Amino acid sequence: MLYSKTHIRIGYAAICLAATFFIGCDMIEYHPYDVSLSQKYSNLNKKSIERIASLGQSSCDDTIRFAFIGDTQRSYDETRDFVKELNKRDDIDFVVHGGDITDFGMTKEYLWMHDILKTLKVPYVAILGNHDILGHGKEVYRSIYGDYNFSFVFKGTKFLFLNTCALEFDYATPIPDYEFLLKEQQRKDGVYDQTVVAMHVQPFDVQFNNNTASYFESQILKFKNPLFCIHAHAHVLMSNDFFSDGLIYYGCDDIHDRSYMVFTVAKGFYTYKVVRF
């Protein structure tokens with residue numbers, strides 16, 4: 001069957017119109033790990049840290065109180081309820097998400113969870129978890145949240161956030177990143193008196209690079225007055241002195257179990273409690 005030029009033009013126009021319709025309606029999923037996101041979904045940790053810093057400028061009180069959660073993967077309803085509960089409080093400075101924001105590291109999972117967490121009244125920062133790395137998830141994390149390792153100083157306390165998911169990087173990249181730790185130890189900006197360390201995977205878990213576990217601890221102890229470490233990943237409440245040196249590693253429940261931890265930090269002193277909702 002022969003087609004005239006008019007038929008071809010009409011067919012081409014119909015295809016273009018259909019494509020425009022589907023793209024305009026956001027009905028085409030280009031890639032499950034798409035990183036072509038708008039600015040509102042980029043550098044989220046940096047934006048939150050800027051908000052946290054502004055809180056410190058308006059207060060002379062050096063007491064910090066933050067909430068710690070982890071493993072929100074697939075638990076959208078429970079995370080939404082956590083946000084509702086936390087928003088009833090007025091004594092929390094910020095929230096730390098201990099990683100496994102997603103189950104498969106897909107872009108939509110990240111965005112769905114952020115769309116819930118962004119309704120918190122206080123800023124939140126998120127650590128990379130092993131589930132967040134699956135597929136091209138680590139690229140999605142970097143696109144949305146920023147660097148895998150980061151830090152900030154707030155009211156005289158330095159907070160270190162470390163990628164400890166060595167297994168998911170196939171040991172091709174040194175994890176933990178000791179160059180990052182060295183640079184942080186040598187930084188002259190941000191005067192601080194004590195340190196809190198956050199990670200997703202705790203030492204001696206199969207995901208951790210246990211060949212360097214003792215060295216990791218020795219590097220953490222080089223920071224000023226390490227108070228405690230926090231991690232997610234295990235999905236249960238934990239409290240361990242892994243290296244018998246007095247530095248306690250606290251693990252939180254996954255959010256599916258409807259609990260979160262609250263740490264109160266002052267100079268040379270801290271307390272914590274588990275809150276169920």
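## Salt bridges and an open sheet

Glu 184 is buried, at 5% relative accessibility. Buried means under 20% relative accessible area, exposed means over 50%, and partly exposed lies in between (1.4 Å probe, protein chains only).

This is a predicted model, in which local features need pLDDT of at least 70, side-chain atom pairs count only at pLDDT 80 or more, and totals for chains, interfaces and linings use all residues. Residues are numbered from 1 along each chain as its sequence is written, and side-chain values use heavy atoms, with hydrogens and water left out.

**Around Glu 184**

Glu 184 forms a salt bridge with Lys 158. Here a salt bridge is a side-chain nitrogen of Lys or Arg within 4 Å of a carboxyl oxygen of Asp or Glu. Lys 158 is buried too, at 2% relative accessibility. Glu 184 sits in helix α7 (residues 178-186) and Lys 158 in strand β5 (residues 157-162), so the pair ties together parts 26 residues apart in sequence. Helices (H or I, at least four residues) and strands (E, at least two) are DSSP runs, numbered from the N terminus.

Glu 184 also meets Arg 187 in a salt bridge. Arg 187 is partly exposed, at 38% relative accessibility. A network of salt bridges links Lys 158, Glu 184, Arg 187 and Asp 189.

**Asp 103 and Arg 74**

The whole structure holds 12 salt bridges. One of them joins Asp 103 to Arg 74. Asp 103 lies in the loop between β2 and α4 (107-117), and Arg 74 in the loop between β1 (64-69) and α3 (76-86). The two residues are 29 residues apart, so this pair links distant parts of the chain. Asp 103 is buried, with a relative accessible area of 5%. Arg 74 is exposed, at 62%.

| Salt bridge | N to O distance |
|---|---|
| Asp 103 – Arg 74 | 2.8 Å |
| Glu 184 – Lys 158 | 2.8 Å |
| Glu 184 – Arg 187 | 3.1 Å |

**The sheet**

Five strands form an open sheet, in the order β3-β2-β1-β10-β11. The pairing is mixed. Two strands pair if DSSP finds at least two bridges between them. The edge strands, β3 (124-126) and β11 (269-276), each pair on one side only. Neighbouring strands are turned by 25 degrees against each other on average, direction ignored. Axes are lines fitted to C-alpha atoms, for helices over the stretch in contact, and angles run from 0 to 180 degrees between N-to-C directions.

Strand β2 (residues 94-97) runs parallel to β3, and three bridges join them. Within this pair, His 97 stands opposite Ala 126 of β3.
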